[in-house]
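Work through the exercises below with the sequence and the structure at hand. Try each task before reading its solution.

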Amino acid sequence: MLARIKRFLGLEDKPKEQAKPIKPKEEESSQQEVEKVADKPKIGYFHLSGCTGDGIALTENYDILAELLTDMVDIVYGQTLVDVWYDDENNPYAIDDMPEMDLALVEGSVCLQDEHSIHELKKLREKAKLVCAFGSCAMNGCFTRYCRGGQQAQPKHEAFLPIGDIVQVDCTIPGCPVSPEIVAKVVVALINGDMDYLQPMLDMAGCTANCGCDLQKNIVNKSLCTGCGTCAMACQTRAIEMREGRPEVNIDRCIKCGICYTHCPRSWFPTEQINKDLGL
Amino acid sequence: MVLGTYKEAVSARATEKQIQKVAQDGGIVTALLSYALDEGIIEGAVVAGPSEELWKPEPLVAMTSEEIISAAGTKYTFSPNVAALKKAVRQYGLEKVGTVGTPCQLNGIRKMQSYPFGTRFLADKMTLVVGIFCMENFPFASLETFINEKMKSSPEVTEKMDIGKGKFWIKALGEDIGFPLKETHGYEQAGCNICPDYTAELADLSTGSVGAPDGWSTVLKRTDAGASIFDQAVKAGIIETKDISTVKPGLPLLEKLSLGKKDGAKKESDNRRELGLPVPF
(Lines give C-alpha, C1' and ligand atoms only; values in the text may rest on other atoms or scores of the structure.)
Protein backbone atom coordinates (compact mmCIF):
# COMPACT_ATOMS: atom_id res chain seq x y z
CA MET A 1 0.00 0.00 0.00
CA LEU A 2 2.65 2.47 1.06
CA ALA A 3 4.67 1.68 -2.02
CA ARG A 4 1.67 2.34 -4.16
CA ILE A 5 0.96 5.66 -2.52
CA LYS A 6 4.61 6.64 -2.85
CA ARG A 7 4.44 5.81 -6.49
CA PHE A 8 1.45 8.11 -6.85
CA LEU A 9 3.22 10.87 -5.05
CA GLY A 10 6.17 10.49 -7.38
CA LEU A 11 8.51 9.61 -4.53
CA GLU A 12 9.87 6.53 -6.27
CA ASP A 13 12.22 6.24 -9.19
CA LYS A 14 9.71 4.39 -11.27
CA PRO A 15 7.49 6.88 -13.04
CA LYS A 16 3.94 6.51 -11.94
CA GLU A 17 1.64 4.89 -14.42
CA GLN A 18 -1.08 7.51 -14.32
CA ALA A 19 1.38 10.24 -15.07
CA LYS A 20 2.88 8.53 -18.07
CA PRO A 21 2.13 10.65 -21.11
CA ILE A 22 0.16 8.86 -23.77
CA LYS A 23 2.40 10.16 -26.52
CA PRO A 24 6.05 9.15 -26.17
CA LYS A 25 8.07 12.11 -24.96
CA GLU A 26 11.72 13.00 -25.03
CA GLU A 27 13.87 12.43 -21.98
CA GLU A 28 14.01 16.10 -21.21
CA SER A 29 10.29 16.68 -21.21
CA SER A 30 9.63 13.73 -18.94
CA GLN A 31 12.01 15.27 -16.44
CA GLN A 32 10.00 18.47 -16.56
CA GLU A 33 6.97 16.36 -15.97
CA VAL A 34 8.40 15.09 -12.70
CA GLU A 35 9.35 18.59 -11.63
CA LYS A 36 5.88 19.85 -12.31
CA VAL A 37 4.39 17.24 -10.01
CA ALA A 38 4.87 19.40 -6.95
CA ASP A 39 2.54 22.05 -8.35
CA LYS A 40 -0.23 19.70 -9.22
CA PRO A 41 -3.04 19.57 -6.71
CA LYS A 42 -3.21 16.20 -4.97
CA ILE A 43 -6.71 14.91 -5.17
CA GLY A 44 -8.35 12.04 -3.33
CA TYR A 45 -11.53 10.47 -4.62
CA PHE A 46 -13.59 8.87 -1.87
CA HIS A 47 -16.48 6.60 -2.54
CA LEU A 48 -18.94 6.34 0.35
CA SER A 49 -22.59 5.47 -0.26
CA GLY A 50 -22.62 6.73 -3.82
CA CYS A 51 -23.17 5.29 -7.28
CA THR A 52 -19.89 6.35 -8.98
CA GLY A 53 -21.94 8.62 -11.24
CA ASP A 54 -19.94 11.65 -10.17
CA GLY A 55 -16.64 9.80 -10.63
CA ILE A 56 -17.79 8.84 -14.10
CA ALA A 57 -18.65 12.48 -14.79
CA LEU A 58 -15.02 13.33 -14.09
CA THR A 59 -13.88 10.82 -16.69
CA GLU A 60 -16.39 12.17 -19.22
CA ASN A 61 -14.14 15.12 -19.87
CA TYR A 62 -13.01 13.07 -22.84
CA ASP A 63 -11.04 15.76 -24.61
CA ILE A 64 -9.01 16.81 -21.63
CA LEU A 65 -9.04 13.67 -19.50
CA ALA A 66 -5.59 12.49 -20.46
CA GLU A 67 -4.16 15.93 -19.86
CA LEU A 68 -6.21 16.33 -16.70
CA LEU A 69 -4.89 13.14 -15.18
CA THR A 70 -1.31 13.44 -16.35
CA ASP A 71 -0.48 17.14 -16.34
CA MET A 72 -3.03 18.84 -14.15
CA VAL A 73 -3.76 16.75 -11.08
CA ASP A 74 -2.43 13.87 -9.06
CA ILE A 75 -5.06 11.46 -7.94
CA VAL A 76 -3.51 10.10 -4.77
CA TYR A 77 -6.41 8.10 -3.41
CA GLY A 78 -9.37 6.36 -4.98
CA GLN A 79 -10.98 3.02 -5.64
CA THR A 80 -12.19 3.63 -9.17
CA LEU A 81 -9.80 5.82 -11.08
CA VAL A 82 -6.71 4.63 -9.31
CA ASP A 83 -6.12 1.55 -7.25
CA VAL A 84 -5.33 3.10 -3.89
CA TRP A 85 -7.58 2.93 -0.91
CA TYR A 86 -7.87 1.95 2.68
CA ASP A 87 -8.47 -1.77 2.99
CA ASP A 88 -9.59 -2.47 6.53
CA GLU A 89 -9.88 -6.22 6.25
CA ASN A 90 -6.24 -6.85 5.47
CA ASN A 91 -4.66 -4.12 7.48
CA PRO A 92 -6.61 -2.09 10.01
CA TYR A 93 -3.77 0.42 10.35
CA ALA A 94 -3.45 1.09 6.64
CA ILE A 95 -5.79 4.04 6.92
CA ASP A 96 -3.15 5.94 8.80
CA ASP A 97 -1.12 5.84 5.61
CA MET A 98 -3.80 7.81 3.82
CA PRO A 99 -1.82 10.45 1.98
CA GLU A 100 -2.09 14.17 2.63
CA MET A 101 -4.05 15.85 -0.12
CA ASP A 102 -5.12 19.28 -1.28
CA LEU A 103 -8.64 18.25 -2.14
CA ALA A 104 -10.79 15.30 -1.14
CA LEU A 105 -13.70 14.69 -3.47
CA VAL A 106 -16.20 12.68 -1.46
CA GLU A 107 -18.96 10.96 -3.36
CA GLY A 108 -21.99 9.48 -1.64
CA SER A 109 -23.63 10.01 1.72
CA VAL A 110 -22.34 8.25 4.80
CA CYS A 111 -24.05 5.28 6.45
CA LEU A 112 -24.14 5.64 10.21
CA GLN A 113 -24.17 1.88 10.65
CA ASP A 114 -21.06 1.38 8.53
CA GLU A 115 -18.15 2.09 10.83
CA HIS A 116 -15.60 1.79 8.02
CA SER A 117 -17.22 4.64 6.15
CA ILE A 118 -17.39 6.82 9.24
CA HIS A 119 -13.75 6.05 9.97
CA GLU A 120 -12.65 6.82 6.42
CA LEU A 121 -14.61 10.07 6.40
CA LYS A 122 -13.06 11.26 9.65
CA LYS A 123 -9.60 10.30 8.46
CA LEU A 124 -9.92 12.09 5.16
CA ARG A 125 -11.02 15.20 7.01
CA GLU A 126 -7.68 15.08 8.85
CA LYS A 127 -5.66 14.49 5.71
CA ALA A 128 -7.31 16.88 3.25
CA LYS A 129 -6.89 20.63 3.17
CA LEU A 130 -10.21 21.02 1.37
CA VAL A 131 -13.08 18.56 1.71
CA CYS A 132 -15.56 18.73 -1.13
CA ALA A 133 -18.97 17.09 -1.07
CA PHE A 134 -18.87 15.73 -4.61
CA GLY A 135 -22.38 15.29 -5.95
CA SER A 136 -25.70 15.70 -4.24
CA CYS A 137 -25.59 12.52 -2.11
CA ALA A 138 -22.55 13.80 -0.27
CA MET A 139 -23.88 17.35 -0.14
CA ASN A 140 -27.45 16.85 1.00
CA GLY A 141 -28.22 13.12 1.03
CA CYS A 142 -30.10 13.22 -2.28
CA PHE A 143 -32.07 10.02 -2.77
CA THR A 144 -30.35 8.22 0.08
CA ARG A 145 -32.68 10.46 2.10
CA TYR A 146 -35.26 7.81 1.33
CA CYS A 147 -33.22 4.93 2.83
CA ARG A 148 -34.85 3.14 5.74
CA GLY A 149 -33.09 -0.21 6.16
CA GLY A 150 -34.72 -3.59 6.26
CA GLN A 151 -32.97 -5.07 3.25
CA GLN A 152 -30.53 -7.95 2.80
CA ALA A 153 -27.68 -8.35 3.47
CA GLN A 154 -27.49 -5.50 6.00
CA PRO A 155 -31.01 -4.87 7.31
CA LYS A 156 -29.58 -2.57 9.94
CA HIS A 157 -28.06 -0.18 7.43
CA GLU A 158 -30.80 2.42 7.51
CA ALA A 159 -29.37 5.84 8.26
CA PHE A 160 -27.57 7.76 5.51
CA LEU A 161 -26.44 11.30 6.12
CA PRO A 162 -24.84 14.02 4.04
CA ILE A 163 -21.18 14.10 5.00
CA GLY A 164 -21.58 17.62 6.36
CA ASP A 165 -23.57 16.17 9.25
CA ILE A 166 -20.46 14.29 10.43
CA VAL A 167 -17.46 16.37 9.37
CA GLN A 168 -16.92 19.95 8.35
CA VAL A 169 -17.29 20.35 4.60
CA ASP A 170 -15.47 23.21 2.89
CA CYS A 171 -16.99 23.14 -0.52
CA THR A 172 -19.64 21.35 -2.50
CA ILE A 173 -20.48 20.47 -6.09
CA PRO A 174 -24.17 19.60 -6.27
CA GLY A 175 -25.63 17.49 -9.07
CA CYS A 176 -27.02 14.03 -9.59
CA PRO A 177 -24.71 13.49 -11.21
CA VAL A 178 -22.48 16.55 -11.42
CA SER A 179 -21.68 17.61 -14.97
CA PRO A 180 -18.29 16.79 -16.47
CA GLU A 181 -17.79 20.50 -17.18
CA ILE A 182 -18.17 21.60 -13.58
CA VAL A 183 -15.54 19.07 -12.51
CA ALA A 184 -13.13 20.46 -15.09
CA LYS A 185 -13.94 24.04 -14.11
CA VAL A 186 -13.35 23.32 -10.43
CA VAL A 187 -10.01 21.64 -11.13
CA VAL A 188 -8.90 24.53 -13.32
CA ALA A 189 -10.01 27.06 -10.68
CA LEU A 190 -8.12 25.10 -8.06
CA ILE A 191 -4.94 25.04 -10.13
CA ASN A 192 -5.22 28.77 -10.84
CA GLY A 193 -6.07 29.55 -7.25
CA ASP A 194 -9.26 31.20 -8.52
CA MET A 195 -11.14 31.42 -5.24
CA ASP A 196 -13.68 33.83 -6.72
CA TYR A 197 -14.93 31.07 -8.97
CA LEU A 198 -15.10 28.58 -6.12
CA GLN A 199 -16.83 31.00 -3.73
CA PRO A 200 -20.43 29.90 -4.43
CA MET A 201 -19.35 26.31 -3.81
CA LEU A 202 -17.79 27.32 -0.51
CA ASP A 203 -20.94 29.23 0.40
CA MET A 204 -23.17 26.26 -0.37
CA ALA A 205 -21.14 23.82 1.70
CA GLY A 206 -23.18 24.45 4.81
CA CYS A 207 -26.40 23.45 3.09
CA THR A 208 -27.25 19.82 3.82
CA ALA A 209 -31.00 19.82 3.24
CA ASN A 210 -32.51 20.20 -0.21
CA CYS A 211 -35.69 19.33 -1.99
CA GLY A 212 -37.83 20.45 -4.88
CA CYS A 213 -39.88 22.33 -2.28
CA ASP A 214 -36.94 24.75 -1.91
CA LEU A 215 -38.37 26.44 -5.00
CA GLN A 216 -41.72 27.01 -3.37
CA LYS A 217 -40.37 27.95 0.06
CA ASN A 218 -37.35 30.03 -0.90
CA ILE A 219 -38.23 31.42 -4.31
CA VAL A 220 -41.98 31.55 -4.91
CA ASN A 221 -42.89 32.28 -1.29
CA LYS A 222 -40.25 35.02 -1.22
CA SER A 223 -41.60 36.72 -4.34
CA LEU A 224 -38.47 35.95 -6.32
CA CYS A 225 -39.78 33.69 -9.09
CA THR A 226 -40.05 35.10 -12.61
CA GLY A 227 -41.13 31.89 -14.32
CA CYS A 228 -37.94 31.62 -16.39
CA GLY A 229 -37.95 27.81 -16.37
CA THR A 230 -34.30 27.29 -15.39
CA CYS A 231 -35.31 24.94 -12.54
CA ALA A 232 -37.27 22.75 -14.93
CA MET A 233 -34.29 22.65 -17.28
CA ALA A 234 -31.92 21.71 -14.48
CA CYS A 235 -34.11 19.01 -12.87
CA GLN A 236 -32.48 15.70 -13.60
CA THR A 237 -35.59 13.59 -13.12
CA ARG A 238 -38.06 15.82 -14.96
CA ALA A 239 -39.99 16.33 -11.77
CA ILE A 240 -40.67 19.99 -12.53
CA GLU A 241 -43.28 21.38 -14.85
CA MET A 242 -43.90 25.05 -15.34
CA ARG A 243 -47.54 25.91 -14.79
CA GLU A 244 -48.86 29.48 -15.03
CA GLY A 245 -45.24 30.60 -14.91
CA ARG A 246 -44.40 28.83 -11.67
CA PRO A 247 -42.60 25.55 -11.00
CA GLU A 248 -44.78 22.67 -10.02
CA VAL A 249 -42.75 19.91 -8.42
CA ASN A 250 -43.90 16.33 -8.59
CA ILE A 251 -42.66 15.43 -5.16
CA ASP A 252 -42.96 11.70 -5.89
CA ARG A 253 -40.41 12.13 -8.66
CA CYS A 254 -38.11 14.52 -6.80
CA ILE A 255 -34.93 12.87 -5.54
CA LYS A 256 -33.95 15.80 -3.32
CA CYS A 257 -30.75 16.57 -5.21
CA GLY A 258 -31.21 20.33 -4.82
CA ILE A 259 -30.14 21.13 -8.36
CA CYS A 260 -33.30 23.15 -9.14
CA TYR A 261 -32.64 25.60 -6.34
CA THR A 262 -28.90 25.64 -7.09
CA HIS A 263 -29.53 26.65 -10.71
CA CYS A 264 -32.32 29.14 -9.99
CA PRO A 265 -30.97 32.59 -10.93
CA ARG A 266 -32.85 34.04 -7.98
CA SER A 267 -31.25 31.83 -5.29
CA TRP A 268 -27.80 33.38 -5.86
CA PHE A 269 -26.37 35.16 -8.84
CA PRO A 270 -22.70 35.41 -9.88
CA THR A 271 -22.82 38.67 -11.88
CA GLU A 272 -19.08 39.30 -12.02
CA GLN A 273 -18.17 35.76 -13.01
CA ILE A 274 -20.74 35.78 -15.81
CA ASN A 275 -19.54 39.11 -17.19
CA LYS A 276 -16.00 37.76 -17.13
CA ASP A 277 -17.00 34.54 -18.89
CA LEU A 278 -18.92 36.45 -21.56
CA GLY A 279 -16.21 39.04 -22.05
CA LEU A 280 -18.63 41.83 -21.12
CA MET B 1 -23.38 51.37 -17.51
CA VAL B 2 -27.08 51.89 -17.70
CA LEU B 3 -27.53 49.78 -20.85
CA GLY B 4 -24.95 47.15 -19.91
CA THR B 5 -21.83 46.50 -21.95
CA TYR B 6 -22.29 46.79 -25.70
CA LYS B 7 -20.15 47.34 -28.76
CA GLU B 8 -22.59 49.26 -30.87
CA ALA B 9 -26.22 50.38 -30.92
CA VAL B 10 -28.18 50.58 -34.16
CA SER B 11 -31.74 51.00 -35.28
CA ALA B 12 -32.75 48.04 -37.45
CA ARG B 13 -35.51 46.06 -39.09
CA ALA B 14 -35.96 42.91 -41.10
CA THR B 15 -36.16 43.47 -44.86
CA GLU B 16 -38.43 40.47 -45.47
CA LYS B 17 -42.04 41.66 -45.94
CA GLN B 18 -43.44 38.42 -44.53
CA ILE B 19 -41.59 39.01 -41.26
CA GLN B 20 -42.49 42.72 -41.11
CA LYS B 21 -46.16 41.74 -41.32
CA VAL B 22 -46.15 39.51 -38.24
CA ALA B 23 -43.35 41.04 -36.18
CA GLN B 24 -43.91 43.06 -33.02
CA ASP B 25 -41.47 45.76 -34.10
CA GLY B 26 -38.58 45.43 -36.53
CA GLY B 27 -38.69 41.62 -36.64
CA ILE B 28 -35.07 41.37 -35.53
CA VAL B 29 -35.43 38.23 -33.39
CA THR B 30 -37.37 36.37 -36.08
CA ALA B 31 -35.08 37.47 -38.90
CA LEU B 32 -31.89 36.78 -37.01
CA LEU B 33 -32.86 33.31 -35.77
CA SER B 34 -34.21 32.36 -39.21
CA TYR B 35 -31.01 33.60 -40.84
CA ALA B 36 -28.83 31.71 -38.35
CA LEU B 37 -30.87 28.57 -38.99
CA ASP B 38 -30.68 28.88 -42.78
CA GLU B 39 -26.93 29.48 -42.62
CA GLY B 40 -26.34 26.51 -40.34
CA ILE B 41 -25.03 28.76 -37.55
CA ILE B 42 -27.69 27.14 -35.36
CA GLU B 43 -29.53 23.86 -35.88
CA GLY B 44 -32.71 24.90 -34.12
CA ALA B 45 -34.11 27.61 -31.89
CA VAL B 46 -36.15 27.66 -28.72
CA VAL B 47 -38.84 30.31 -29.14
CA ALA B 48 -42.15 31.32 -27.55
CA GLY B 49 -44.51 29.47 -29.83
CA PRO B 50 -48.30 29.39 -29.87
CA SER B 51 -50.25 27.06 -27.58
CA GLU B 52 -53.82 25.83 -27.58
CA GLU B 53 -54.84 28.88 -25.60
CA LEU B 54 -54.78 32.24 -27.38
CA TRP B 55 -52.07 34.65 -26.20
CA LYS B 56 -50.59 32.04 -23.89
CA PRO B 57 -47.20 31.10 -25.33
CA GLU B 58 -45.52 27.75 -25.02
CA PRO B 59 -41.80 27.08 -25.55
CA LEU B 60 -41.24 25.60 -28.99
CA VAL B 61 -38.12 23.96 -30.37
CA ALA B 62 -38.28 25.43 -33.87
CA MET B 63 -36.49 23.49 -36.59
CA THR B 64 -37.65 25.56 -39.58
CA SER B 65 -37.98 29.26 -40.45
CA GLU B 66 -41.75 28.79 -40.64
CA GLU B 67 -41.83 27.64 -37.03
CA ILE B 68 -39.68 30.58 -35.98
CA ILE B 69 -42.03 32.96 -37.77
CA SER B 70 -44.99 31.32 -35.99
CA ALA B 71 -43.53 32.63 -32.73
CA ALA B 72 -43.24 36.26 -33.87
CA GLY B 73 -44.96 38.94 -31.82
CA THR B 74 -44.86 39.75 -28.12
CA LYS B 75 -46.97 37.80 -25.66
CA TYR B 76 -47.04 39.62 -22.35
CA THR B 77 -46.99 36.52 -20.17
CA PHE B 78 -44.66 33.65 -19.28
CA SER B 79 -43.00 31.36 -21.76
CA PRO B 80 -40.41 29.34 -19.82
CA ASN B 81 -38.09 28.99 -22.82
CA VAL B 82 -35.13 28.02 -20.65
CA ALA B 83 -36.96 24.84 -19.64
CA ALA B 84 -37.03 23.73 -23.28
CA LEU B 85 -33.29 24.14 -23.89
CA LYS B 86 -32.59 20.72 -22.43
CA LYS B 87 -35.29 19.25 -24.65
CA ALA B 88 -33.65 20.89 -27.67
CA VAL B 89 -30.30 19.33 -26.84
CA ARG B 90 -31.41 15.94 -25.55
CA GLN B 91 -34.55 15.04 -27.48
CA TYR B 92 -33.83 16.94 -30.68
CA GLY B 93 -30.10 16.23 -30.50
CA LEU B 94 -29.14 19.80 -31.40
CA GLU B 95 -25.47 20.74 -31.13
CA LYS B 96 -25.98 24.45 -31.83
CA VAL B 97 -29.01 26.07 -30.26
CA GLY B 98 -30.38 29.56 -30.66
CA THR B 99 -32.86 31.07 -28.26
CA VAL B 100 -34.61 34.25 -27.28
CA GLY B 101 -35.43 35.35 -23.79
CA THR B 102 -36.23 38.06 -21.32
CA PRO B 103 -33.45 39.35 -19.03
CA CYS B 104 -34.41 36.97 -16.19
CA GLN B 105 -34.36 34.00 -18.56
CA LEU B 106 -30.91 35.03 -19.72
CA ASN B 107 -29.84 35.10 -16.08
CA GLY B 108 -30.77 31.43 -15.81
CA ILE B 109 -28.96 30.51 -19.02
CA ARG B 110 -25.77 32.45 -18.26
CA LYS B 111 -25.58 31.19 -14.68
CA MET B 112 -25.90 27.66 -16.03
CA GLN B 113 -23.05 28.33 -18.46
CA SER B 114 -20.73 29.68 -15.78
CA TYR B 115 -21.74 27.06 -13.20
CA PRO B 116 -23.06 24.00 -15.06
CA PHE B 117 -23.62 21.92 -11.92
CA GLY B 118 -26.24 19.49 -13.11
CA THR B 119 -26.61 20.33 -16.80
CA ARG B 120 -24.15 18.13 -18.62
CA PHE B 121 -23.16 19.09 -22.16
CA LEU B 122 -25.67 21.91 -22.40
CA ALA B 123 -23.61 25.03 -21.76
CA ASP B 124 -21.48 24.76 -24.89
CA LYS B 125 -24.51 24.24 -27.13
CA MET B 126 -25.90 27.76 -26.57
CA THR B 127 -24.75 29.34 -29.80
CA LEU B 128 -26.94 32.42 -30.10
CA VAL B 129 -28.79 33.96 -27.17
CA VAL B 130 -30.94 36.90 -28.22
CA GLY B 131 -32.33 39.08 -25.44
CA ILE B 132 -35.45 41.22 -25.56
CA PHE B 133 -35.97 44.42 -23.61
CA CYS B 134 -38.37 43.81 -20.75
CA MET B 135 -39.89 46.22 -18.23
CA GLU B 136 -42.09 43.61 -16.51
CA ASN B 137 -44.16 40.54 -17.23
CA PHE B 138 -47.72 39.57 -16.34
CA PRO B 139 -49.44 36.42 -15.14
CA PHE B 140 -51.93 35.23 -17.74
CA ALA B 141 -54.81 36.08 -15.42
CA SER B 142 -53.65 39.72 -15.43
CA LEU B 143 -53.82 39.76 -19.24
CA GLU B 144 -57.35 38.39 -19.05
CA THR B 145 -58.27 41.25 -16.73
CA PHE B 146 -56.77 43.79 -19.11
CA ILE B 147 -58.49 42.46 -22.20
CA ASN B 148 -61.84 41.37 -20.81
CA GLU B 149 -62.45 43.92 -18.06
CA LYS B 150 -60.38 47.02 -18.71
CA MET B 151 -60.71 47.08 -22.48
CA LYS B 152 -64.03 45.21 -22.77
CA SER B 153 -62.69 43.06 -25.55
CA SER B 154 -61.76 39.38 -25.82
CA PRO B 155 -58.64 37.36 -26.59
CA GLU B 156 -60.37 35.83 -29.63
CA VAL B 157 -60.59 39.14 -31.50
CA THR B 158 -57.25 40.48 -30.29
CA GLU B 159 -54.69 40.64 -33.10
CA LYS B 160 -51.80 42.33 -31.35
CA MET B 161 -50.76 43.59 -27.94
CA ASP B 162 -48.32 46.39 -27.35
CA ILE B 163 -47.03 48.66 -24.64
CA GLY B 164 -46.04 52.15 -25.70
CA LYS B 165 -46.67 55.84 -25.26
CA GLY B 166 -47.81 55.31 -21.69
CA LYS B 167 -50.52 52.83 -22.56
CA PHE B 168 -51.22 49.12 -22.84
CA TRP B 169 -52.69 48.60 -26.30
CA ILE B 170 -54.52 45.90 -28.14
CA LYS B 171 -55.51 45.86 -31.75
CA ALA B 172 -58.91 44.20 -32.03
CA LEU B 173 -61.19 44.06 -35.08
CA GLY B 174 -59.00 46.65 -36.74
CA GLU B 175 -59.34 49.07 -33.84
CA ASP B 176 -56.67 50.24 -31.40
CA ILE B 177 -57.83 50.13 -27.79
CA GLY B 178 -55.63 51.26 -24.93
CA PHE B 179 -55.70 52.01 -21.25
CA PRO B 180 -53.18 53.82 -19.06
CA LEU B 181 -50.09 51.82 -18.17
CA LYS B 182 -50.46 53.16 -14.64
CA GLU B 183 -53.47 50.88 -14.24
CA THR B 184 -51.36 47.81 -14.99
CA HIS B 185 -49.33 48.40 -11.84
CA GLY B 186 -50.32 45.84 -9.28
CA TYR B 187 -50.92 43.29 -12.02
CA GLU B 188 -47.28 42.60 -12.96
CA GLN B 189 -45.57 39.64 -11.32
CA ALA B 190 -43.86 40.57 -8.07
CA GLY B 191 -40.57 38.94 -9.05
CA CYS B 192 -40.13 41.64 -11.69
CA ASN B 193 -40.07 44.38 -9.07
CA ILE B 194 -36.48 43.60 -8.03
CA CYS B 195 -35.15 43.06 -11.57
CA PRO B 196 -32.54 45.71 -12.48
CA ASP B 197 -32.10 44.61 -16.08
CA TYR B 198 -34.18 46.31 -18.75
CA THR B 199 -32.07 45.75 -21.85
CA ALA B 200 -31.10 42.05 -21.46
CA GLU B 201 -27.55 42.89 -20.51
CA LEU B 202 -26.30 39.29 -20.71
CA ALA B 203 -27.47 38.59 -24.25
CA ASP B 204 -25.23 38.06 -27.25
CA LEU B 205 -27.36 40.79 -28.73
CA SER B 206 -30.38 42.64 -27.32
CA THR B 207 -33.31 44.14 -29.12
CA GLY B 208 -36.56 45.94 -28.35
CA SER B 209 -38.86 48.67 -29.52
CA VAL B 210 -37.85 51.56 -27.28
CA GLY B 211 -35.75 54.20 -29.02
CA ALA B 212 -36.75 53.17 -32.52
CA PRO B 213 -39.53 54.51 -34.78
CA ASP B 214 -42.60 52.30 -35.40
CA GLY B 215 -41.73 49.20 -37.37
CA TRP B 216 -38.10 49.41 -36.31
CA SER B 217 -36.13 48.02 -33.37
CA THR B 218 -33.22 49.19 -31.31
CA VAL B 219 -30.37 46.67 -31.33
CA LEU B 220 -27.45 46.49 -28.90
CA LYS B 221 -24.57 44.32 -30.09
CA ARG B 222 -22.88 42.85 -27.03
CA THR B 223 -20.70 39.75 -27.42
CA ASP B 224 -18.33 39.00 -30.32
CA ALA B 225 -20.56 36.12 -31.38
CA GLY B 226 -23.71 38.24 -31.33
CA ALA B 227 -22.13 41.14 -33.21
CA SER B 228 -20.67 38.84 -35.84
CA ILE B 229 -23.94 37.03 -36.61
CA PHE B 230 -25.83 40.34 -36.75
CA ASP B 231 -23.27 41.91 -39.08
CA GLN B 232 -23.44 38.88 -41.36
CA ALA B 233 -27.24 39.18 -41.51
CA VAL B 234 -26.92 42.85 -42.40
CA LYS B 235 -24.35 42.08 -45.07
CA ALA B 236 -26.64 39.40 -46.49
CA GLY B 237 -29.44 41.95 -46.75
CA ILE B 238 -31.68 40.17 -44.25
CA ILE B 239 -31.60 43.14 -41.89
CA GLU B 240 -31.29 46.85 -42.71
CA THR B 241 -29.91 49.37 -40.25
CA LYS B 242 -29.93 53.08 -39.52
CA ASP B 243 -27.49 55.08 -37.49
CA ILE B 244 -29.04 55.27 -34.01
CA SER B 245 -28.09 58.94 -33.66
CA THR B 246 -30.31 59.82 -36.61
CA VAL B 247 -33.51 58.28 -35.23
CA LYS B 248 -35.99 59.63 -32.70
CA PRO B 249 -36.32 59.13 -29.78
CA GLY B 250 -33.10 57.10 -29.87
CA LEU B 251 -30.86 56.05 -27.02
CA PRO B 252 -31.74 58.83 -24.53
CA LEU B 253 -35.24 57.38 -24.00
CA LEU B 254 -33.83 53.85 -23.68
CA GLU B 255 -31.35 55.07 -21.10
CA LYS B 256 -34.05 56.89 -19.20
CA LEU B 257 -36.30 53.82 -18.99
CA SER B 258 -33.41 51.53 -18.12
CA LEU B 259 -32.32 53.83 -15.33
CA GLY B 260 -35.91 54.03 -14.10
CA LYS B 261 -36.11 50.26 -13.87
CA LYS B 262 -32.80 50.08 -12.03
CA ASP B 263 -33.88 52.74 -9.53
CA GLY B 264 -37.21 51.02 -8.93
CA ALA B 265 -35.52 47.65 -8.45
CA LYS B 266 -33.08 49.11 -5.97
CA LYS B 267 -35.86 50.70 -3.97
CA GLU B 268 -37.85 47.47 -3.85
CA SER B 269 -34.74 45.43 -3.03
CA ASP B 270 -33.94 47.76 -0.14
CA ASN B 271 -37.50 47.43 1.14
CA ARG B 272 -37.27 43.69 1.06
CA ARG B 273 -33.91 43.63 2.81
CA GLU B 274 -35.41 45.77 5.51
CA LEU B 275 -38.08 43.11 5.98
CA GLY B 276 -35.31 40.52 6.32
CA LEU B 277 -36.07 38.94 2.95
CA PRO B 278 -33.42 37.60 0.57
CA VAL B 279 -32.54 39.48 -2.62
CA PRO B 280 -30.13 37.80 -5.05
CA PHE B 281 -28.67 40.98 -6.60
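A salt bridge is a side-chain nitrogen of Lys or Arg within 4 Å of a carboxyl oxygen of Asp or Glu. The model used here is predicted.

**Exercise 1. A pair from two ends of chain B**

Task: Decide which kind of link joins the side chains of Arg13(B) and Glu240(B), and state where the two residues lie.

Solution. Step 1: the N to O distance is 2.8 Å. The cut-off is 4 Å, so the pair counts as a salt bridge.
Step 1: Arg13(B) belongs to strand β1 of chain B, and Glu240(B) to strand β11 (residues 239-243) of that chain. They are 227 residues apart, and the pair links distant parts of the chain.
Step 2: Arg13(B) has 26% relative accessibility and therefore counts as partly exposed. Glu240(B), with a relative accessible area of 29%, is partly exposed.

**Exercise 2. A second pair on strand β1**

Task: Which parts of chain B does the pair of Lys221(B) and Glu8(B) tie together?

Solution. Step 1: the two side chains form a salt bridge with an N to O distance of 2.7 Å.
Step 1: Lys221(B) sits in strand β10 and Glu8(B) in strand β1 (residues 8-14), so the pair ties together parts 213 residues apart in sequence.
Step 2: Lys221(B) is buried because its relative accessibility is 6%. Glu8(B), at 38%, is partly exposed.

**Exercise 3. A buried charge without a salt bridge**

Task: Is Arg222(B) buried or exposed, and which side chain of opposite charge is nearest?

Solution. Step 1: locate Arg222(B) in the loop between β10 (217-221) and α7 (224-235) of chain B.
Step 1: Arg222(B) is buried. Its nearest side chain of opposite charge is Asp197(B), 5.8 Å away. A salt bridge needs a distance within 4 Å, so Arg222(B) has none.
Step 2: A polar atom of the Arg222(B) side chain lies 2.9 Å from the backbone oxygen of Thr199(B).

**Exercise 4. The interface of the two chains**

Task: Describe the interface of chain B and chain A by its contacts, its area and its salt bridges.

Solution. Step 1: 43 residues of chain B are in contact with 53 residues of chain A.
Step 1: the two chains bury about 4,000 Å² between them, with 63% of it on carbon and sulfur atoms. Lys111(B), Tyr115(B) and Phe117(B) supply 22% of the area that chain B buries against chain A, more than any other three residues.
Step 2: the rule finds 2 salt bridges across the interface. In one of them, Arg120(B) pairs with Glu60(A), and the closest N and O atoms are 2.7 Å apart. Both Arg120(B) and Glu60(A) are buried.
Step 3: there are 22 residue pairs in polar contact across the interface. On the side of chain B that touches chain A, α4 (81-90) and α5 (103-114) are the elements that give two or more residues. The largest share, 9 residues, comes from α5(B). That side divides into 22 nonpolar, 13 polar and 8 charged residues.

**Exercise 5. A cysteine in chain A**

Task: Where does Cys132(A) lie, and is it buried or exposed?

Solution. Step 1: Cys132(A) is in strand β5 (residues 128-134) of chain A.
Step 1: its relative accessibility is 0%, so Cys132(A) counts as buried.
Step 2: leaving aside neighbours within four places in sequence, Cys132(A) has contacts that include Leu103(A), Val106(A), Cys171(A) and Ile173(A).

Key. Residues are numbered from 1 along each chain as its sequence is written. Chains are lettered from A and ligands numbered from 1 in the order in which they are written. This is a predicted model: local features need pLDDT of at least 70, side-chain atom pairs count only at pLDDT 80 or more; totals for chains, interfaces and linings use all residues. Side-chain values use heavy atoms; hydrogens and water are left out. Helices (H or I, at least four residues) and strands (E, at least two) are DSSP runs, numbered from the N terminus. Buried means under 20% relative accessible area, exposed over 50%, partly exposed in between (1.4 Å probe, protein chains only). Lys and Arg count as positive and Asp and Glu as negative; His and the chain ends are not counted. A polar contact is a pair of N or O atoms within 3.5 Å; within protein, one must be able to donate a hydrogen and the other to accept it, and residues adjacent in sequence count only if both atoms are side-chain atoms. Contact means heavy atoms within 4.5 Å. Buried area is the accessible area (1.4 Å probe) that two parts lose on being put together, summed over both. Ala, Val, Leu, Ile, Met, Phe, Trp, Tyr, Cys and Pro count as nonpolar, Asp, Glu, Lys and Arg as charged, and the others, Gly among them, as polar.
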